[in-house]
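Please read them with the coordinates open.

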Amino acid sequence: MHRVIISGIGAEIPEPVITNEELVESFNRWVDTENARRAVTGETPLQKSDSDFIVHASGVQTRHVIEREGILDPTRMAPRIPARPDDALSLQAEFGIASARKAIAHAGVAPSDIDLVICSASHHQRPYPAIAIEMQEALGTKGAGFDMGLGCSSAAAALHIAVNLVRAGAHKRILVSTPEIITGHLNFRDRQTHFIFGDASVAMVVEGLNQGEKRPGRFEVLDTRTWTQLSNNIRTNLGYHTRTAQDDPYMIKLEGNLIKQVGNKVFKEVTVAGHKFIVEFLAEHGLTPHGIRRFWLHQANARMNAMILKLAFGHDVDHDRAPMVLERLGNTAGAGAIVALSENHADMKAGDFGLLCAFGAGYSIGGALLRML
């Protein structure tokens, strides 16, 4: 059994930014138009949104997106992403490659040194050919590639698989890619979810550590863990069979099939499950939360993370112990915890423990216990 390290980490954040105020202004303009229609039909009017509600509900102030103008157009309220020909690089592969190149450079290896690509994200641009295979071709990596997903736990779940494949000797060096273009799947006309998500792409290089090899500044992966429990409180029904339920299967209706969640239930149930997962996972290694130098948690909700950590520590925990990137990036699904890791690890000392932990739809939780070399 091989010792395993994360030798490279990369993050790519798109430049366009949308503030809460901009998002609310667009949403409320649409609500005015929609409520005028509902007044005629007798339907219940919709409630407007406001920035204070968004900050209280999530902690998000701004979010970075692949394309902003279409999202802010109240007659469209979705990014405008032109279709590309089949022989052109897809947008998700392009986004994944941007962070992958950074991770590969950080690892100090060549693409040809990679023998497996795993593209694991909460949403994929298409079912096949796999985005990972497209990335493999464009990057020039060897071996194989496959796609997978586990909601917002996607990166942690892929890390779990990659670490164990390397530990078992099945692969030498694996690229884990999580390109999250969530705005393409988000219903910007849903007051409960329109403000939550942003786009980001992250990547990690996972490889074995040779006997006597020194890799200072890199993380050894001591253990990984996954946990799932069925819940429909975070759900999307958009899939292969969506059209078969329509009267006209060639005119797909998206209403009710895009991302939806029961926010209050998610908050309560995931807070309890996340705390239990963290405490029990650490206890298996003779550790308590107090022995962990840094926590990189899923960047979904500031209050949820604060509550999970307060339950674990018995007191509030500051940004140094558990850094947040949510305020400026929004919830970037599987990418969020890895962005937090990428931006907040250089000050750690040899021997320091860190815990990467993500939780999301499923319900699903993924964790990795790390130690700085």
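1. Basis of the notes. This is a predicted model, in which local features need pLDDT of at least 70 and side-chain atom pairs count only at pLDDT 80 or more, while totals for chains, interfaces and linings use all residues. Residues are numbered from 1 along each chain as its sequence is written, and side-chain values use heavy atoms, with hydrogens and water left out. Helices (DSSP H or I, at least four residues) and strands (DSSP E, at least two) are numbered from the N terminus.

2. Asparagine 301. This residue lies in the loop between β11 and α8, and it counts as buried because its relative accessibility is 10%, where buried means under 20% relative accessible area, exposed over 50% and partly exposed in between, with a 1.4 Å probe and protein chains only. At the start of α8, a side-chain oxygen of asparagine 301 comes to within 3.0 Å of the backbone nitrogen of arginine 303. Apart from neighbours within four places in sequence, asparagine 301 is in contact (heavy atoms within 4.5 Å) with Ala57, Ser58, Phe267 and Leu326.

3. Helix α8. The helix covers residues 302-313, and its 12 residues reach 16 Å from first C-alpha to last, close to the 16 Å expected at 1.5 Å a residue, the expected span being 1.5 Å times one less than the number of residues. Its buried residues are Met304, Asn305, Ile308, Leu309, Ala312 and Phe313. Seen down the axis, these buried residues fall within an arc of 150 degrees, so they line one face of α8; the arc is taken from the directions of the C-beta atoms from the helix axis. Among the elements that cover them are α7 (263-283), β11 (294-297) and β12 (353-360). Just after α8, glycine 314 takes a positive phi of about 85 degrees.

4. The sheet. Nine strands form an open sheet of mixed pairing, in the order β5-β4-β6-β7-β1-β8-β13-β12-β11, where two strands pair if DSSP finds at least two bridges between them. The edge strands are β5 and β11, each of which pairs on one side only, and the twist averages 25 degrees from one strand to the next. Within the sheet, β6 (residues 173-180) and β7 (residues 200-209) pair in the antiparallel sense over eight bridges, and isoleucine 174 stands opposite valine 206 in β7.

5. Helices on the sheet. Helix α7 packs on the sheet and touches β8 (219-228), β11, β12 and β13 (364-372), with a direction that makes about 35 degrees with that of β13. Helix α8 lies across β11 and β12, and runs at about 145 degrees to β11. For these angles, axes are lines fitted to C-alpha atoms, for helices over the stretch in contact, and angles run from 0 to 180 degrees between N-to-C directions.

6. Helix α5 and glycine 140. In α5, the residues Ile131, Ala132, Glu134, Met135, Gln136 and Leu139 are buried, and they pack against α4 (91-107), β4 (116-120), β5 and β6. Glycine 140, in the loop between α5 (131-139) and β5 (144-148), takes a positive phi of about 85 degrees just after α5. It counts as partly exposed because its relative accessibility is 40%. Beyond its neighbours within four places in sequence, glycine 140 is in contact with Pro111, Ser112 and Met135.

Definitions and conventions
Polar contact = N/O pair within 3.5 Å; in protein donor to acceptor, adjacent residues only side chain to side chain.
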